[in-house]
Amino acid sequence: MENGAVKPVIVAIDGPSGTGKSSTSKAVAEQLGLSYLDTGAQYRAITWWMVNNGIDLTDPTAIAAVAGKPDIVSGTDPVKPTITVDGVDVSGPIRTEEVTSKVSAVSAVPEVRTRISELQRTLARAAADGIVVEGRDIGTTVLPDADLKVFLTASSEARAARRSGELKGADVNATREALVKRDAADSSRKTSPLAKAGDAVEVDTTELTLAQVIECVVTLVEEKRAGK
């Protein structure tokens, strides 16, 4: 710590869907005065753009050819994170079932990952006080030098229950099947799979309340800042 200044802290939070990643990351960033980035929203945004532009999402070459076209801008305020594509607010449209069902296929294309990873690194470097970045490959690929890496896990049953609570009226079993399928796709893709970094702290959230998970991660960040 030079001249008593607090060094910006970069926190990577990875893990599969339904582990409380977004809620935890936003709350930790807000409590500690850090920026926040939901990298999943960026992949959803590029998927939304491709769906809207009629790109054949069964053809990786077609996806790769247009990966550089959409202008994706992420606002990093944890209280009100924003995301626009070509100037259009897409925070609602990217959460549709159509986008959710196609995001793994688009995310698996190396050119898409390269493009979005660059965006993520640029935003992380620009965060004056530091940033909490959540995703699936942040600690392993995007920000391997992050000051703190956290990997959130939970049983597939717990994740499905949470996810179906978010998706009003969703069938828990169908949600669980979709989660397991998406985990398999994200974990087995060749480029930057969902994986736990060797130096990540694993936090199993199955039996924890959201408040307990947030408290745990805030403590880890504070210890890191204090140089413990």
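Begin by selecting R95, which in this predicted model is partly exposed, with a relative accessible area of 44%. Show its side chain together with that of D38, because the two meet in a salt bridge, with N and O 3.0 Å apart, although D38 is buried at a relative accessible area of 15%, under the 20% cut-off for that class. This pair links distant parts of the chain, for D38 belongs to strand β2 (residues 35-38), whereas R95 sits in the loop between β5 (88-89) and α4 (97-107), 57 residues apart.

Next, select R44, which you will find in helix α2 (residues 39-52). Is there a salt bridge at R44, or none? There is none, even though R44 is buried, and the nearest side chain of opposite charge, that of D38, is 6.5 Å away, while a salt bridge requires the nitrogen and oxygen to be within 4 Å. If you leave aside the neighbours within four places in sequence, R44 is in contact with I94, R95, T96, V99, T100, V103 and R182.

Now widen the selection to the whole of α2 and α4, whose axes come within 9 Å and cross at roughly 105°. The two helices are therefore roughly perpendicular to each other, as angles from 65 to 115 degrees are counted that way. On the α2 side the contact is made by Y43, R44, I46, T47, W48, M50 and V51, and on the α4 side by E98, V99, T100, K102, V103, V106 and S107.

For the next stop, select R113 and D137, which form a salt bridge whose closest N and O atoms are 3.1 Å apart. R113 lies in helix α5 (residues 110-126) and D137 in the loop between β6 (130-135) and α6 (138-142), so the pair ties together parts that are 24 residues apart in sequence. Both R113 and D137 are buried.

Finally, select R176 and E157, another salt-bridged pair, with the closest N and O atoms 3.3 Å apart. Here two helices are linked, since R176 is in α8 (residues 172-188) and E157 in α7 (residues 156-166), 19 residues apart. R176 counts as partly exposed at 33% relative accessibility, and E157 likewise counts as partly exposed, at 46%.

Conventions:
Residues numbered from 1 in each chain as written. Predicted model: local features only at pLDDT ≥ 70, side-chain atom pairs only at ≥ 80, totals over all residues. Heavy atoms only, no water. Helix = DSSP H or I, 4+ residues; strand = E, 2+ residues; numbered from the N terminus. Buried < 20%, exposed > 50% of the residue type's maximum accessible area, 1.4 Å probe, protein only. Lys, Arg positive; Asp, Glu negative; His and termini not counted. Contact = heavy atoms within 4.5 Å. Axes fitted to C-alpha atoms, helices over the stretch in contact; angles between N-to-C directions. Parallel < 35°, antiparallel > 145°, perpendicular 65-115°, else oblique.
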